[in-house]
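This briefing is for a reader who is new to the structure below.

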Amino acid sequence: MAIPLQPLSLLEVCSTMDELKQIHASMYKRGLVSEPIPLSRLLAFCSSPSYGDIKYAQKLFNKTSSPNTFMWNAMIRGYSHSTEPEQALLLYGEMISNSVPHNTHTLPFLLKACSKLPSSEGTMQIHARVVKMGFGSDVFAINTLLHAYAVFDRMEIACLLFDQAPTRDIVSWNTMIDGYAKCGEVGVAFKLFKEMPERTVVTWTTMISGFVKVGMNKEALKLFQDMLIAGVKPDNVALLSSLSACAHLGAVDQGRWIHTYIDRNQIQIDPELDCALIDMYGKCGHMEEALGVFTKSKKKCVSIWTAAISGFAIHGQAREAMDFYMKMQKSGIKPNSITLTAILTACSHSGLVDEGKSIFKSITSVHNLNPAIEHYGCLVDLLGRAGLLKEAKEVIDTMPIKPNAAIWGALLNVCKEHANVKLGKLIGKKLMEVDPGHGGRYIHAASIFAASGEWNEAARIRRMMKEKGIRKFPGCSSITIDGSVHEFFAGDSKHLQLKEIHQIWHQIVGRLELEGYKPEVGNLLLHLEDEEKEVAIHQHSEKLAIAFGLISTKPGTIIRVFKNLRICEDCHVVTKMISKIYSREIVMRDRTRFHLFRDGICTCGDFW
């Protein structure tokens, strides 16, 4: 039977389910719904993850008397992209029962569904079918298997399959690199990257993103530079990852260069890139440039407003954050969970207790959302910083969500600040129970006990930490000089100019002591004598970075330091004094916020 071209032509340009239903009705009237080609096209559209309707496709499929392999595959593919991937496996069981022949697409579609299931058991069963049915050398099937195993972090199986594969293409290599990178084995991923016979933009992007994910931001930026030298044009994902690396390192020069690259190459800036640029400038201490990106943004979605509010929050500019928060809502944009976390953080950093409480209540009363654990953490931090420890503890005791280590940790920090040793000891023990692998929890608990004079208990906690092989996350500070990022770790012994750094620091300490400085050693390290404590505290990473900044820049130049942990009390005091003695502005971003030191004063008002 000759098939009229009109319905098939209409299916080619169809873009919505409403249009498809009209075409389906027309085909029904013409008696075409039983013809394999038009029916296959109908099912392919209905089962499409982009614009189809899998339920409608299932109804159509059920009415088909003898569906062919293409139709079965279309349904299996549709379910593999749906919220019901298990239906693909059930459908495959029916396919086998009906003795319908497979082709090279059937099992890869099934593996896609298996990768969305809770365990890898289904993947291993389909793997056996792949081999049994003779598709074991098909590169499409191999690549889908590699992806499925990578999803479940079964890289040992993926590696075996990859090594034994008779045929490998660029997708095979990219899948392995992505799998290793996502499970944190970036060393193995990078080894494969270097061994690859050829690389695509996806390869470069995957490796750059992998470095950023594990905090290897310098390596990510180096690879981004290598990518450009190799003549590979970065895609938006590579640009986003590289901007994220700049934000973490505080590498504003590299971030500006990427921004200029985007403009010069006329790369379309979508909301994600806008957010990344605002975030980068904000985290690098340049809110003016962040606001410049915000102003030029064509589509100010909730994410872009949130990025700006977050920038104000880490700069301690709570009033500006509140102003943007109100403007956002007046423009018709509703805050999401991340926005609410950002504005609550702004209130916490500036001690706006009443405003913060009001916003927390509005989560439910105004925005019809349930407060997330991050919101409770912000509220606890807000109350604790203000000295309202009893109220903060009541929030934890009555919250409907089980408090996590971050919430208990927020309360422990303020217990130390407000010298509430009794509550601090209780929380310290609690934290070691709920987060036993986190070295910082043991350090804080030991400090609390030491502060109360219970030296034996403090020493016991330190000893327990050592016996369990738990280490405190090392402090790291970075500073950018002439476009190069220099990283310093506490007690650093690797920097090429370490001798000069120690010499200038010795001079700095002399000038500090003339101004009456005495190190805040406190309970720094329980097993050290006072003199040793002073040596240890003088080797904190931010102090080394500041010293390097002083010998590497001209007088009057602003020094910008970025630290991965919260700045300690002694380093805060010292930095204030250095800013006055050496007539330098020092901008420091620690784990939670920015500090601008000028003429012996910090913009945080000693409230951090």
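In this predicted model, helix α23 (residues 373–385) and helix α25 (residues 405–417) have axes that come within 9 Å and cross at roughly 10 degrees. An angle under 35 degrees counts as roughly parallel, and α23 and α25 are therefore roughly parallel to each other.

**The helix pair**

- On the α23 side, the residues in contact are I373, Y376, G377, V380, D381, G384 and R385.
- On the α25 side, they are I407, A410, L411 and V414.
- Sorted by class, the contact of α23 with α25 has seven nonpolar, two polar and two charged residues.

**The sheet**

- In what order do the six strands of the open sheet lie? The order is β2-β1-β3-β4-β5-β6, and the pairing is mixed.
- The edge strands are β2 (484–489) and β6 (601–602), each of which pairs on one side only.
- Strands of a sheet pair through backbone hydrogen bonds, in either a parallel or an antiparallel sense.
- Strand β1 (residues 476–481) and strand β3 (residues 559–563) run antiparallel and are joined by two bridges. Here S478 stands opposite F562 in β3.
- β4 (586–589) pairs with strand β5 (residues 594–598) in the antiparallel sense, over four bridges. R589 stands opposite F594 in β5.
- A hairpin of four residues joins β4 to β5.
- β5 and β6 also run antiparallel, with two bridges between them, and F597 stands opposite C602 in β6.
- The hairpin formed by β5 and β6 has two residues between the strands. In its turn, D599 has a positive phi of about 55 degrees.
- Which helix lies across β1, β2, β3 and β4? It is helix α31 (residues 541–552), running at about 15 degrees to β1.

**Nonpolar cores**

- In soluble globular proteins, nonpolar side chains tend to be buried together.
- The largest nonpolar core has 143 residues, and L20 and L411 are those with the most contacts inside it.
- L411 is also one of the α25 residues that meet α23.
- Not counting residues up to four places away in sequence, L20 touches L11, C14, L42, F45, C46 and Y56.
- Another core, of 30 residues, lies apart from the largest one. Among its residues are I479, M577, I578 and M588.

**Residue H127**

- H127 has its place in helix α8 (residues 121–132).
- Is H127 buried or exposed? The cut-off for buried is under 20% relative accessible area, so H127, at 16% relative accessibility, counts as buried.
- Beyond its neighbours within four places in sequence, H127 is in contact with L145, Y149 and L161.

**Residue P85**

- P85 lies in the loop between α5 (69–80) and α6 (86–97).
- P85 has a relative accessibility of 5% and therefore counts as buried.
- With its neighbours within four places in sequence left aside, P85 is in contact with Y79, A113, K116 and L117.
- How far apart are P85 and G491 in sequence and in space? The two are 406 residues apart in sequence and 52 Å apart in space, C-alpha to C-alpha.

Note on methods
Residues numbered from 1 in each chain as written. Predicted model: local features only at pLDDT ≥ 70, side-chain atom pairs only at ≥ 80, totals over all residues. Heavy atoms only, no water. Axes fitted to C-alpha atoms, helices over the stretch in contact; angles between N-to-C directions. Parallel < 35°, antiparallel > 145°, perpendicular 65-115°, else oblique. Contact = heavy atoms within 4.5 Å. Nonpolar A, V, L, I, M, F, W, Y, C, P; charged D, E, K, R; others polar. Buried < 20%, exposed > 50% of the residue type's maximum accessible area, 1.4 Å probe, protein only. Pairing = 2+ DSSP bridges. Core = buried A, V, L, I, M, F, W, Y, C linked by side-chain atoms within 4.5 Å.
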